Amino acid sequence: MKINIQRKCNACKCAIDINRNDVQGVVYYNKLYYHTNCFCELAERRSALKSGKPAEWKNALDHVKDFEQAAVDALSADSPRAKKDTDDLNDYLIEKYNVTAIPSHFWIAVENLQKGFYRGKRCKRVSIDTLLAAWKWGQRKLDDVNKRNKMNHKGPKDDVQRISYDFAILVNKIPEYLAYNAKQEAAKEEIRTQSTRINYNNLQRTEVKQEGLGDISALLDEF
Ligand SMILES: [Zn+2]
């Protein structure tokens with residue numbers, strides 16, 4: 001199988017290897033991805049519980065095929081979703097950088113990054129939606145870099161060039177973004193686990209501290 005994209009299974013937390021030209025064995029449910037097998041096990045387990053929306057999980061289990069189709073729609077190379085991701089990045093950059101068009105060499109670089117190539121070297125594959133999320137995460141710092149450059153009469157000569165310049169900075173910051181994102185996800189998961197446990201034991205719901213959420217500034221200091 002030719003693997004050209006990966007997603008994390010929300011049940012077993014392992015990578016799901018995906019061939020975008022033949023998406024199989026993947027479920028997309030409530031904005032999360034699962035191996036079909038892992039999803040069925042999880043849904044069976046959850047639908048047997050008294051708390052945590054068992055009816056919803058039972059329903060999900062009865063419609064696994066629909067959620068597999070949702071994964072195909074979300075991940076296929078020629079899917080409307082893939083096109084939408086490109087459109088979203090395009091729109092974001094055009095507005096943010098105030099340019100009329102984005103040069104084709106930028107899109108070629110983005111396409112290569114999706115395949116796991118950067119400047120002729122192998123790297124981690126980065127999807128367009130991840131790139132866009134990382135871009136938004138780093139934008140404030142990129143703007144600071146730009147201000148500094150302008151003051152020192154350095155850096156890219158116009159806003160179109162600045163897109164490629166910022167892209168190069170971001171590619172090197174992707175591991176940091178992913179670590180930040182993983183930390184956020186872990187914090188959310190912790191909150192979910194705690195509230196499930198609390199509901200399950202029928203205890204009075206306590207306040208869950210949202211530590212680590214929304215605190216970008218601390219992480220960006222390392223920029
Ligand atoms: Zn799995």
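Colleague: Leaving aside neighbours within four places in sequence, which residues is Val27 in contact with?

Modeller: Tyr34, Thr36, Phe39, Val64, Phe67, Glu68 and Ala71. Contact means that the C-beta atoms, placed from the backbone, lie within 7 Å. This is a predicted model, where local features need pLDDT of at least 70, side-chain atom pairs count only at pLDDT 80 or more, and totals for chains, interfaces and linings use all residues. Residues are numbered from 1 along each chain as its sequence is written.

Colleague: Which residues have the most contacts inside the largest nonpolar core?

Modeller: Val26, Val27, Tyr28, Tyr29, Tyr33 and Ala71, in a core of 19 residues. A core is a set of buried Ala, Val, Leu, Ile, Met, Phe, Trp, Tyr and Cys residues joined through C-beta atoms within 7 Å; buried means 20 or more other C-beta atoms within 10 Å of a residue's own.

Colleague: Which elements give two or more residues to this core?

Modeller: Strands E2 (15-18), E3 (26-29) and E4 (32-35), plus helices H1, H2 and H3 (64-75). Those are DSSP runs numbered from the N terminus, with at least four residues for helices (H or I) and at least two for strands (E). A second, separate core of nine residues includes Leu113, Leu131, Trp135 and Leu170.

Colleague: Changing topic, which residues of H1 and H2 meet?

Modeller: Cys40, Ala43, Glu44, Arg46 and Ser47 in H1 meet Pro54, Trp57, Lys58, Ala60 and Leu61 in H2.

Definitions and conventions:
Contact = placed C-beta atoms within 7 Å. Buried ≥ 20, exposed ≤ 12 C-beta atoms within 10 Å, placed from the backbone.
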